[in-house]
Amino acid sequence: MSGETIIEIRHMHKAFGPTIALKDVDFTLHRGEIRGLIGENGSGKSTIMSIASGMQKATSGEMTYLGRPWHPNTMVEAQDAGISMILQEANTIPGVTVAENIFAGHETEFSKLGIISMGKMYKAADQVLDKFGIGHIKARDSIDHYTFEDRKLIEIARCVTDDTQILVVDETTTALSLEGREILYKLVHKLADEGKGVVFISHDMDEILEQCTDLTVLRDGDIVGTLTREEMDAPDAVQRIRYLMVGREIGEKYYREDYDPSCQDEVALEYDHVTFGGIKDFSLKLHKGEIVGLGGLSGCGMHEIGRAAYGLEKLESGRVLRGGKPVTGPLNAIQSGIGYISKNRDTEALILEAAIQENIVLPSLTALSRHGYISPRDEKKMADKEIDSFRIKCNNGGQWVNTLSGGNKQKVSFGKWTAKGSEVIIMDCPTRGVDIGVKQAMYALIEQMKKDGKAILMVSEELAELIGMVDRLIIMKDFEVTKEFTRSPDLKQTDIIEYMI
Amino acid sequence: MTETKKFDFKAWVKAHAMDLAAYGGLVVCIIIFTIFPPFFGENLWSAAKLSTLMSSVIVTALLSVGAVFIYSMGCMDISVGGQVGLYATIIVVMGNKTGSLIPGILLSLVIALVIGVVNGATGQLLHIYPIISSVVFMMILNGLRSIIYNGLGTRSVTLSGAEYRMFRSPVLMLVVLVVEFLIVSFLFNYTKLGKNAKAIGANPTAAEQSGIHPILYRVLPYLVFACCVVAASVFQMGYTGSASDSTGTGFEMNVMVALILGGMPLSGGMRSKVSKAVVGAFTFSLLEVGLPLIGVPSNMTFFVKAVIFIIVVLITCRKQSGTLPR
């Protein structure tokens, strides 16, 4: 039964007002396929499958699922019919148990005369969790006790049932650590072996090349290329895919090309025996013109270290010093020239329901105000400068941030701090959910910042970018520093991983 | 972006639905109350009616304009009615004692600022919804008022010791309203005060991470509002030259209804505008003054207002959905 068509999409067209997301797209998924979908932000890769899984409707076009015309109205309807989609954002119900999350909408299966037997539900949920290899999660616990990653895994357990025909994984792996990814990869391959179809939407080219059997590349709402497994194994595959995605030669230059880890002698930021939460006695000196990387698994404490430099964590002992003075909170940090880009872009770094301009100028309002008066012209000038230099794709600075794609949103949160002229920039997962073209631009920007003498603390879950960009790489595991590496052309991911897990 | 932009009427309407509904509502009210009252032998545009309208508008408008600062942060102040009642009483009583309105106004201002500081700061310091402290103040103020009137042995006090008739002049009302509107608009649109308040309403975490002092910039808007409440209290007292134990009752709801009619989002954020308070206050008062003019019995006006309110809410407050491609 392998090779038989599961879903066929023909002439699909989708427009959001004047913005065209998909132009006349044809897409077919066969049994046993793990189809990668790759493309820049706003290329429409998520849109195709969100229409097939009932999240939104196409403007025009036809879909045929299991040989019949397919018009799902809701995601629940699609899921019941066998198309499940795991989304990028958190999608669990807070405040209730894990079991209630897994069986949300299916409680009647456990009820007798209208009374739900929680015992039965817990038992069934524990079985489901075991089946997915995430037995460390207990059905009776409140979902709030689990980390973002565990909640994502719970979501996967909820989405995938025996009836699932098509599983859509939309940028899920950015939220997962290595172990979580392994669980997901195993599941994906198992489904494919069972003759189901999988659509794997990701920004991570390595992951796509490793896991997928076929690859479809989109650009500006168009399918620009389809690669078979053989083509994906070709030595120039990465270049070819990048070329297809961006539509122009982006060149070899991606990460930094120099291997000179030198920096100025002046200390820009210092952690002085800092202890809080799980972190014990952490010390670090960040110099002007230096990029220090913090790497590890998601729960290793590296994100908290980044937050501490911005005064967002309450220190039990020790100090974070900037210019000899302790950092006490965001306001004080900004005044002393520190900028912080949170990894939670949509909830912490940006005000989604506000204009690009309002976001960019927000930390700089004090600098902009003259005797209390803030001139709209000055605001616009400041914002337009960032919009131009980052090439933020928008109509004008008045456009709301929630209408931008992920990469462009991230550019806005970078723009806040370049506009402010911050000397120390703490970036937590700066390229999360950002596509190659934008990544390349951001790496170039980070390199420029280094040349300009700025001090950068880069917290990242992506080893490749840490190796590619930083002067010093600090690896953490269970809230402790396990190893420090210096920039070198010989540094390999495999050398590092053993200190992480 | 090289593509030329064509003027998309539909998109424009969609983007401005809230404003259109708010301004449209005001225009419709004006048209209806201009055309129909003559059939009932009344005229909205007569000097007498305009004066009634202005006196009805002024208190709600002065309060609503100031309240924009509070609502833009996604907060509410329920103690408004109690405050107006207390300040009106203080102004009358002290006016009779001292022969001048100034001491009463100053004392009211001091109390208002203290209440503002507490209302603004407690939410953040004690991690409670800011509305809670204003509910507490509502109860305290109501209690205080009944103690005062019990002590006075009466249910109302009349000002006899000081001149107050100037506050009945529609021209002065208009001038004060315009001045307050201009000052609040300036603070709201062209200073950190307003920009920070909107940012706090739109996303408190992001606001704090962008360097907005979480307590200071929650307190300052309440202080602006405090000044507006005192101004409104002066006109409330001045219209009749008296205050009673029921003065101010329900004003907090009038403010809320006016702001909603004006298209102000209750969750606050970047869509907040000072002009919405003025539009809403005028619509609200036009209904109050206009409905009796077109033969709606006064005991029916509440139902008519309820219907209009629902219609406006359905147009303005519904969640605008629609996601762009990722």
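How many residues does the contact take from chain A and from chain B? The contact takes 38 residues from chain A and 24 residues from chain B, two residues being in contact if their C-beta atoms, placed from the backbone, lie within 7 Å. The structure is a predicted model, in which local features need pLDDT of at least 70 and side-chain atom pairs count only at pLDDT 80 or more, while totals for chains, interfaces and linings use all residues. Residues are numbered from 1 along each chain as its sequence is written, and chains are lettered from A and ligands numbered from 1 in the order in which they are written.

On the side of chain A that touches chain B, the elements giving two or more residues are strand S2 (19-30) and helices H1 (45-52), H11 (330-335), H12 (345-349), H14 (365-368) and H16 (406-420) of chain A. Helices (H or I, at least four residues) and strands (E, at least two) are DSSP runs, numbered from the N terminus. This side of chain A comprises 17 nonpolar, 16 polar and 5 charged residues; Ala, Val, Leu, Ile, Met, Phe, Trp, Tyr, Cys and Pro count as nonpolar, Asp, Glu, Lys and Arg as charged, and the others, Gly among them, as polar.

In H1(A), 8 of its 8 residues are buried, among them Lys45(A), Ile48(A), Met49(A) and Ala52(A). A residue is buried if 20 or more other C-beta atoms lie within 10 Å of its own, exposed if 12 or fewer, and partly exposed in between. Just after H1(A), Gly54(A) has a positive phi of about 85 degrees.

Leaving aside neighbours within four places in sequence, Ala277(B) is in contact with residues including Ala61(B), Val68(B), Ala258(B) and Met264(B).

Helix H11 (residues 251-261) and helix H12 (residues 274-293) of chain B pack at an angle of about 110 degrees, with their axes 7 Å apart. Axes are lines fitted to C-alpha atoms, for helices over the stretch in contact, and angles run from 0 to 180 degrees between N-to-C directions. H11(B) is therefore roughly perpendicular to H12(B), a term that covers angles of 65 to 115 degrees. The residues of this contact divide into 8 nonpolar, 3 polar and 1 charged. H12(B) also packs with helix H3 (residues 47-72) of chain B, at an angle of about 145 degrees and with the axes 8 Å apart. The contact of H3(B) with H12(B) has 13 nonpolar, 6 polar and 2 charged residues. Ala277(B) belongs to the H12(B) side of the contact with H11(B) and to that of the contact with H3(B).

Most residues other than glycine have a negative phi. Asp281(A), although not a glycine, has a positive phi of about 50 degrees and is placed in strand S14 (residues 279-287) of chain A. Arg391(A), also not a glycine, has a positive phi of about 50 degrees and lies in the loop between helix H15 (376-390) and H16 of chain A. Asp281(A) counts as partly exposed because it has 13 C-beta neighbours inside 10 Å. For Arg391(A), 13 C-beta neighbours inside 10 Å likewise give partly exposed.

Definitions and conventions: Angles under 35 degrees count as roughly parallel, over 145 as roughly antiparallel, 65 to 115 as roughly perpendicular and the rest as oblique.
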